[in-house]
Amino acid sequence: MRIALIGGGAAAVSLIDGLLGRVLDPEHLDVVVYESGPRPGPGRAYRADLGCAFINTRTGVTSIRADEPGHFLDWLHTTPAGMGTGFAHADADSFLPRWVFGEYLADCLDHACHSGSVRVERQSVQRVRPSATDVLVETADGQRAAYDRVVLCVGGGEPAQVYGLEGAPQYHRDPYPLTDTVTRLHPRARVLVIGTGLTAVDTVLALRDAGHEGDIAMASRRGLLPAVRVSRGRWDLACLTPEALARARERAGGPSLETLGGLLLTELDRAGVTRQEAMERVRPGYDARARLMYQFREAETGAPWQRILTTAANRLAEPLWQLLPDAEKRRYLRGLHHVFQSECHPMPPLTAVALLDMMDDGQLTVRSGIQDVRARPGGGFVLDAHGQRYTFDAVVGAARQSVGLPGPEARPLVSDLVDQGAATPHPFGGIRVDAATHRVLTADGAAQARLHALGDLTAGTFYHTGPLEVISRHADRITDALLAAAPGAAEEPVA
Ligand SMILES: Cc1cc2nc3c(=O)[nH]c(=O)nc-3n(C[C@H](O)[C@H](O)[C@H](O)COP(=O)(O)OP(=O)(O)OC[C@H]3O[C@@H](n4cnc5c(N)ncnc54)[C@H](O)[C@@H]3O)c2cc1C
């Protein structure tokens with residue numbers, strides 16, 4: 001079977017690893033990975049960059065294998081490439097720089113290529129044309145090749161450009177690579193970072209690492225920083241269970257947000273988290289510093305809020321999302337999505353400590369109520385927030401991109417698929433896929449026999465598609481679908 005993967009980041013590496021582990025005879029497999037970026041494997045998230053940009057999960061549970069959470073840690077401890085990173089001493093509880101995981105991804109891909117069944121094409125794919133007999137892949141330099149199956153693994157986009165600042169002097173539209181951004185900023189510049197999510201946090205930490213002396217402000221509508229990853233391990237859910245979801249499904253019109261919120265509150269109540277504490281987390285009007293301190297205190301008392309929420313997010317967000325009627329999804333996106341983003345994409349504790357230090361030194365401010373950011377005619381920028389005006393010398397764009405919107409490299413190919421009727425935009429982001437097989441759905445709702453999608457492009461269907469844990473589970477599902485049609489597939493994973 002000839003398979004093309006468009007994009008060679010973590011999703012593609014996870015999928016290849018699963019395919020090679022399960023196919024009995026590699027002769028039956030011919031995989032081509034198309035990657036247009038600087039290095040196949042790391043993708044956007046894990047490329048070479050400053051060491052202050054950390055993976056936000058503990059090393060012992062960060063892996064491309066859904067059934068082997070310790071695979072990355074083993075690689076660090078036992079392989080020449082892993083030991084060569086200088087992090088062979090890392091333990092399961094550590095948080096490592098993202099570039100280290102990039103080395104792991106590149107090495108896994110290298111090994112796959114040595115199997116003889118996988119090869120990388122350093123090309124940008126411009127068009128993908130599925131037909132009844134094959135899928136034609138066309139690259140930017142005009143080469144064409146036909147495959148039995150194609151999987152779109154193109155990842156997500158760069159930060160959203162909300163205020164039309166592109167082209168303004170001292171506006172940096174994308175903080176990555178952080179190494180470049182910090183060298184382009186004057187050490188005493190007053191810097192505004194647009195956004196308060198993980199990308200904005202990376203930017204602030206990079207400035208700190210570079211010895212930046214000027215004041216820094218982070219600003220967004222709500223001023224909500226990522227939560228701190230204070231707890232570890234899964235929670236044994238007793239109330240928010242697949243059975244409870246099945247009962248909720250039977251209700252006329254499908255479950256409401258209130259039904260699901262009720263199940264979560266019962267789960268929290270059973271674990272000793274009061275309704276008042278739970279409401280505190282979703283209350284608008286956050287004080288960034290107080291919230292971080294509150295979370296560290298919570299860690300000391302062992303409150304299980306985060307374990308419950310992240311277990312529910314990684315295990316149940318997908319079936320929950322599919323159960324919710326569209327009107328309820330819209331209500332959720334308006335009122336709760338930002339809370340989920342913060343709570344379920346937390347930052348490592350040391351990152352939070354660094355931010356607290358910067359706030360206490362008076363160098364860092366976190367502002368909510370952002371209304372506008374403008375370039376001033378004579379240079380510099382103005383931020384309007386909560387009716388107040390603040391001035392800056394430089395701005396870095398780090399605002400969250402719309403859900404499921406691919407990066408500029410992938411947009412022409414996705415638009416072309418939509419124009420052909422070979423794919424359909426999902427009203428909640430990305431393109432529509434069949435939930436069981438990740439097959440792309442055509443304009444008339446039929447599942448493409450030969451075209452699948454993995455990762456951010458499927459966010460409208462699954463909602464929670466970013467974390468590696470979710471990506472590797474979804475990669476396994478696509479492997480099942482691919483191998484069901486391939487000769488020489490093993491029933492069970494082969495070691
Ligand atoms: C900055 C950042 C930090 C993150 N940190 C974490 C974290 O700590 N923990 C976690 O679990 N998740 C994290 N994530 C989530 C992240 O999305 C996933 O972990 C994972 O990296 C996604 O992999 P991917 O392969 O889907 O996408 P990507 O890594 O973006 O890879 C997609 C690849 O496709 C290539 N491509 C796109 N279009 C084309 C084309 N037309 N032709 C050829 N190639 C193309 C791109 O060059 C890119 O290399 C982070 C994400 C970002 C952006």
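Me: A nonpolar core is a set of buried Ala, Val, Leu, Ile, Met, Phe, Trp, Tyr and Cys residues joined through C-beta atoms within 7 Å. Which residues have the most contacts inside the largest nonpolar core?

Reply: Bear in mind that this is a predicted model, where local features need pLDDT of at least 70, side-chain atom pairs need 80 or more, and totals for chains, interfaces and linings use all residues. Numbering starts from 1 along each chain as its sequence is written. Buried means 20 or more other C-beta atoms (placed from the backbone) within 10 Å of a residue's own, exposed 12 or fewer, and partly exposed in between. The largest core runs to 114 residues, and the most contacts inside it belong to Leu5, Leu15 and Leu192.

Me: Which helix gives that core its largest share?

Reply: The core takes at least three residues from each of domain 1 (2-157 + 403-484) and domain 2 (171-226 + 347-397), with bounds from an automatic or database domain assignment. Helices (H or I, at least four residues) and strands (E, at least two) are DSSP runs numbered from the N terminus. With eight residues, the largest share comes from residues 98-114, that is, helix H4.

Me: What does Leu15 touch, leaving aside neighbours within four places in sequence?

Reply: Contact here is C-beta atoms, placed from the backbone, within 7 Å. Leu15 is itself one of the residues with the most contacts in the largest core. Its partners beyond those neighbours are Leu5, Val151, Cys153, Leu454, Ala475, Ile478 and Thr479.

Me: Which strands stand at the edges of the open five-stranded sheet?

Reply: Strands pair if DSSP finds at least two bridges between them. The order is E8-E15-E9-E10-E11, with parallel pairing. Inside it, E9 (residues 191-194) and E15 (residues 394-397) share four bridges, and Val191 sits opposite Ala394. One side is left without a neighbour in the sheet because each edge strand has a single partner, and those edge strands are E8 (171-172) and E11 (364-367).

Me: Is Leu136 buried, partly exposed or exposed?

Reply: Leu136 belongs to strand E5 (residues 135-139). Beyond residues up to four places away in sequence, Leu136 touches Arg129, Arg144 and Ala146. Leu136 has 15 C-beta neighbours inside 10 Å, so its class is partly exposed.

Me: How far apart are the C-alpha centres of domain 2 and domain 3?

Reply: Domain 3 spans 242-344. Eleven residues of domain 2 contact nine of domain 3, and helix H14 (residues 349-360) gives the largest share of the domain 2 side, four residues. The separation of the C-alpha centres is 29 Å.

Me: What is phi of His438?

Reply: His438 is in the loop between helix H15 (411-420) and strand E16 (439-441). His438 counts as buried, because 26 C-beta neighbours lie inside 10 Å. Although the residue is not a glycine, phi is positive, near 65°.

How values were computed:
Two residues are in contact if their C-beta atoms, placed from the backbone, lie within 7 Å.
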